[in-house]
Amino acid sequence: MSIDKETARRVAKLARIAVPDDRLEPLSQEFNAILGFIEQLQEVDVAGVEPMVSVTPQRLKRREDVVTDGDQPAKVLANAPDAREGFFAVPKVVE
Amino acid sequence: MTELTDLTLAGARDALRAGETTAAELTEAHLTAIEGAGALNAFVHHTPEIAREQAKAADARLQAGDAPAMCGIPIGVKDLFCTKGVASQAGSRILEGFRPEYESTITTQLFDAGAVMLGKLNMDEFAMGSSNETSTYGNAVNPWKAGNSDAALTPGGSSGGSAAAVAARLCLAALGTDTGGSIRQPAAFTGITGIKPTYGRCSRWGVVAFASSLDQAGPMTRTVRDSAIMLQAMSGHDPKDSTSADLAVPDFEAMLTGDVKGQVIGIPREYRMDGMPEEIEALWQDGIAMLKDAGAEIRDISLPHTKYALPAYYVIAPAEASSNLARYDGVRFGHRAALSQGDGITEMYEKTRAEGFGDEVQRRVMVGTYVLSAGFYDAYYNRARKVRTLIKKDFEDVFADGIDAILTPATPSSAFELGAMTDADPIQMYLNDVFTVTVNLAGLPGVAVPTGQDRRGLPLGLQLIGKPWQEGELLNVAHCLEDRAGFVARPAKWW
């Protein structure tokens, strides 16, 4: 498996990270080094092995389905780079 | 009387209770030490006002005779922990300016027990790194030097600031976190003790997430006893973390008898790596001899899937990171890039994340995105999770065969020079965690203890791996090793 410049561009897009064009080639080489290392996993016989879901066997606890938190918009918005009138503000999404 | 900054946590606790010193005095001594240690770049956000206030409250409790073990103990907190009203950036530019409106469960428990926070500690960005060189604050520096060389060494990572601060006596103890070795490797590089507890022992609530199925917080201290005391205060069930275990927390300190007679210690042959330095092998043999001499039975064991732990980790950890770090979008907290005319929301995400994340974080987020993408999910991610099942089974098999704990080196080398890995490919840096990462994948407790020095005088550590939920038993073996090794070296002050 080898990652080319176009695949690197696609992955950067999926990850929502702007990567300048001249960085894509070196980036694809870094990916290939890491994926080459990961490739060793193909040697392992995993027939009949369950993929791990939880490292400590446990049943997740349940609680009453009731409101336990909320009603603190000022705190929720306190760290926003841009907040107006009780909302997070973002660039125009709908024309 | 000894310098207040030279006390152990246990010694300080006893001195406080006996009225020989006060939390205020202890705190001032450490604040002064921190002021003089800028060259180590360990503390990145200083909180002297909070510390003085907490010390005052601790002294009142001590006077009233209501003093838990951590009462009045000055600690440092890794920048990964959310602390109310105090910058919590996970070592990243993308969380610039973020001041949480809430307090993590672990810091809440420690503060409720009377601990004093001196400030926040340097770390690799989002805990991704093994040398503290990916931090937005710049490198943390190891207080140790190699022989007569003046070269600046890494304190290890990702909890590099925590390790440097404890080793340099800037705090009595520090909080660290460990996803692939981030407590144990820096502990070994700086000659201190650090334990990663069983997955689920300490709440992850309010700790910035890297790889949620691997992350655990733990104490970093100068002695095993100190780790036992601090771990006690950090542990316990938290309804706010669904993976936190609802189990009773034993009295870890009371379990430190030092008696390991009849304990069966496994020595895994797969940890004897090609090209491993002789000094590491000698350190390991010395540790084996110490435990044997103390009455433990030494048994050779096999953990056949060890070799595949790092590759599995470098699928699972980036996959989880790519998902966890999706929240940094420039909308709710932290940094947002300046936008150009006509930029829409997608450009805002892409520019914000390009500016906010450093190279290593970007690389791991993208690798994670790739291994989770359509067409590769089975080949990479699911396969890695199956291999993880096998790695855990390796440990279960040896424990079922009667092994009580496993002894290995903590790291494949002593601390290296800052900048030494700059031009190496990322895999070279990843190899630092070769002995520690299996423990995270299997969810087990692991502790690093300093037991020797290399020929240039740098500290070296051994790792002990225990059964799930047996931190007390594990710390007892570590205590025995500590006692036999008699590691007393400390870095000469140059900063």
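**Reading pockets and an interface in a predicted model**

Author: Let's start with the largest pocket, which has a volume of about 750 Å³. Its lining has 26 residues, and Cys82(B), Phe98(B), Tyr102(B), Trp205(B) and Gly206(B) are the closest to its centre. This is a predicted model, in which local features need pLDDT of at least 70 and side-chain atom pairs count only at pLDDT 80 or more, while totals for chains, interfaces and linings use all residues. Residues are numbered from 1 along each chain as its sequence is written, chains are lettered from A in the order in which they are written, and side-chain values use heavy atoms, with hydrogens and water left out.

Reader: What is a pocket here?

Author: On a 1 Å grid over the protein atoms alone, a pocket is an open set of points where a 1.4 Å probe fits, with protein on both sides within 12 Å along at least five of seven lines; lining residues have an atom within 4 Å of a point. The volume is the space filled by probe spheres set on the points, which are joined across faces, edges and corners.

Reader: How do the lining residues of the largest pocket divide?

Author: Ala, Val, Leu, Ile, Met, Phe, Trp, Tyr, Cys and Pro count as nonpolar, Asp, Glu, Lys and Arg as charged, and the others, Gly among them, as polar. Here the lining has 12 nonpolar, 5 polar and 9 charged residues.

Reader: Which residues lie nearest the centre of the second largest pocket?

Author: They are Thr134(B), Glu360(B), Arg363(B), Met421(B) and Thr422(B), from a lining of 20 residues. That pocket has a volume of about 410 Å³, and its lining divides into 5 nonpolar, 6 polar and 9 charged residues.

Reader: How large is the area buried between chain A and chain B?

Author: The size of an interface is often given as the accessible area lost when the parts come together. Buried area is taken with a 1.4 Å probe and summed over both parts. For chain A and chain B it is about 5100 Å², with 69% given by carbon and sulfur atoms. Contact (heavy atoms within 4.5 Å) takes 51 residues from chain A and 66 from chain B.

Reader: How many salt bridges cross this interface?

Author: A salt bridge is a side-chain nitrogen of Lys or Arg within 4 Å of a carboxyl oxygen of Asp or Glu. The rule finds 4 across the interface of chain A and chain B. Glu43(A) and Lys307(B) meet in a salt bridge through their side chains, at 3.4 Å from N to O.

Conventions: Buried area is the accessible area (1.4 Å probe) that two parts lose on being put together, summed over both.
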